[in-house]
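Visitor: I would like to learn how to read the disulfides in a model.
Guide: Then let us look at one together.

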Amino acid sequence: MIRTQRLAAGVCALLAALAAGTVFPAGAAADETTATAPKVDLVLDVSGSMRTKDMDGGTRMAAAKQAFNEVLDATPENVLLGIRTLGANYPGDDRKTGCKDTAQLYPVGPLDRTEAKTAVATLSPTGWTPIGPALLKAADDLDGGTGSKRIVLISDGEDTCAPLDPCEVAREIAAKGIGLTIDTLGLVPNVKMRRQLSCIAEATGGSYTSVEHTDQLTDRVNQLVDRAADPVVTPVAVEGAASCAAAPTLKSGLYTDREEFGRQRWYKVDVEPGKELRASVSVAADRAVNPDHAVLLRAVTTHGREIVRGEAAGNGRTDVVSTGLRYPKADDDDAPAETVCVQVTNSYSVGAGVKTTPGLPLELTVDVVDGPSPASDVAAFGLGRGWWLLGVLVLFGFLAGVLWGWLSRWRVAVWRTN
C-alpha cells in the first residue's frame, strides 16, 4: 500500500514537471515574441478645432472616430497598438495647464478591439494642441523592445505650446537612435500646419499626408499600421576611421555612424571580380544647421585614385541629404578581390550656440551584388545594350532624311517644269 502511494505520488510529480516544462517555455516564447513585436502609437488631436464640420459633411472628430474604428478592426494581430490623445481633457484658458494635456487613452500592447473602440467613443473635442509634449510622451509609450516603432500623429492645426517646438522634439527623438519613425497626417489644407507636420515627419524619416476625406484618413492610417508590421532591418553600429588604412571592412548590410561637422569618415569594402558595389548614404540634420550644405560619397582605390562619386546638396528645407554610387568590377577569374575605400564627407555647419557634438547621424547602405553583363554597361552612359537600338534609330533617321530631301527636290523640280 505504501509503495502504491509512493508510486502514485511520483507519477503526479512527473506529470507536474512535464506540465511546468510545457507551460514555462511557452510563456518565455510569448515574452520573446512581444519583445520583438512592432509597436504603433496613434496620437490624435482632440483640441477644440476638431468640432469643425468640413469632413464629408461631418466634424473632423467624427471622421477620426470612424477611421479609428475601421483601423482597429484591420490591425494585424502581431502589432502592439496604443492610442494617445492631446487636448482631450482640459477645456480652460490656462495655457500652462493646457500644454500638459496629453494622456494615454489605450496603452501600447496586445489589442482588445472592443475596449479600444469604447475608449475612442468617449472622446470629445476639448482643449489645446500640445503636439510637442504629446510626441515626447508617445516616445516613452513605445520604449523597450527590439521591433519597429512608429508614431502616427493626426492633427488639424499647429502646435499651440511653443517654445517647445515639435520639430525640435522630433529631431531629439531621432538623435536618440531608437529607430522610431513619426508619420503625420493633416486634416485640412493649411500652409503653416503642413510645414510643421512635414518637418516632424522628415526629422525621423517618416511621411506627411494631407487628408480631406474620411476614407482617405482610414486608408492612410491602415497603410502606416501595416507598414509597421513589415520586417525591419536594424542598422549595425560602426565607427568609420579618419583614413582608409585604418577603416573597418564592411560586408553587405545597413550601418549607422556619427560624423563630425565638415569631417570625413572612411570604410572599406572587398569587391570580387564580376561583382558590383552599390553604396548609398543619408546624413540627417538632427539640430539647426546653416542652409547650404552637401554630402559627398566617393569610392577610391587603396592608392587614392577616385573610381566614382555621388554627391547631393541641401538648402535647409529637408532634414536628410542622400546620395549613392555604383562600381562594377570586370569579371576576371585570375584577378583577386579589390579593396575599395568608401569615403563620406559633409559640409554642414551650424550657427553660434549650437552644439557640434555628437556628430551628425549617418546611415550607410552597402550591397555587393552580381555585376551587369558586361560590367562596362554601367559606364556606357546607362544605355548598356540599348546602344543597338540607338544605332538603328540613328540609321533610320538618316535614311528618312535622305528620302525626304530627294522627294522635296523632285517636287520642286516638277513645280518649276509646270
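The dialogue below goes through the disulfides of this predicted model.

Guide: Some ground rules come with it. Residues are numbered from 1 along each chain as its sequence is written. The model is predicted, so local features need pLDDT of at least 70 and side-chain atom pairs count only at pLDDT 80 or more, while totals for chains, interfaces and linings use all residues; side-chain values use heavy atoms, with hydrogens and water left out.

Visitor: What counts as a disulfide, and how many disulfides does the structure hold?
Guide: A disulfide is a pair of cysteine sulfur atoms within 2.5 Å. The structure holds 3 disulfides.

Visitor: In what pattern are the bonded cysteines connected?
Guide: With bonded cysteines counted along the chain, the pattern is 1-2, 3-4, 5-6.

Visitor: Which cysteine is joined to Cys99, and where do the two lie?
Guide: Cys99 is joined to Cys161, with an S to S distance of 2.0 Å. Helices (H or I, at least four residues) and strands (E, at least two) are DSSP runs, numbered from the N terminus. Cys99 lies in the loop between helix H3 (95–98) and strand S5 (102–109), and Cys161 in the loop between strand S6 (149–155) and helix H6 (166–175), so the pair ties together parts that are 62 residues apart in sequence.

Visitor: Why is the disulfide of Cys99 and Cys161 called left-handed?
Guide: Because the torsion about its S-S bond is about -95 degrees.

Visitor: Are Cys99 and Cys161 buried or exposed?
Guide: Buried means under 20% relative accessible area, exposed over 50%, and partly exposed in between (1.4 Å probe, protein chains only). Cys99 is buried at 12%, and Cys161 is buried at 6%.

Visitor: What does the disulfide of Cys167 and Cys199 tie together?
Guide: The S to S distance of Cys167 and Cys199 is 1.6 Å. Cys167 lies in helix H6 and Cys199 in helix H7 (residues 191–203), so the link ties together parts 32 residues apart in sequence. The torsion about this S-S bond is about -45 degrees, so this disulfide is left-handed. Cys167 is buried at 5% relative accessibility, and Cys199 is buried at 16%.

Visitor: Where do Cys244 and Cys341 lie?
Guide: These two cysteines are joined at an S to S distance of 1.8 Å. Cys244 is in the loop between strand S9 (236–237) and strand S10 (253–259), and Cys341 is in strand S16 (residues 338–346); the pair links distant parts of the chain, 97 residues apart. The link of Cys244 and Cys341 is left-handed, with -55 degrees about the S-S bond. Cys244 is buried, with a relative accessible area of 15%, and Cys341 is buried at 0%.
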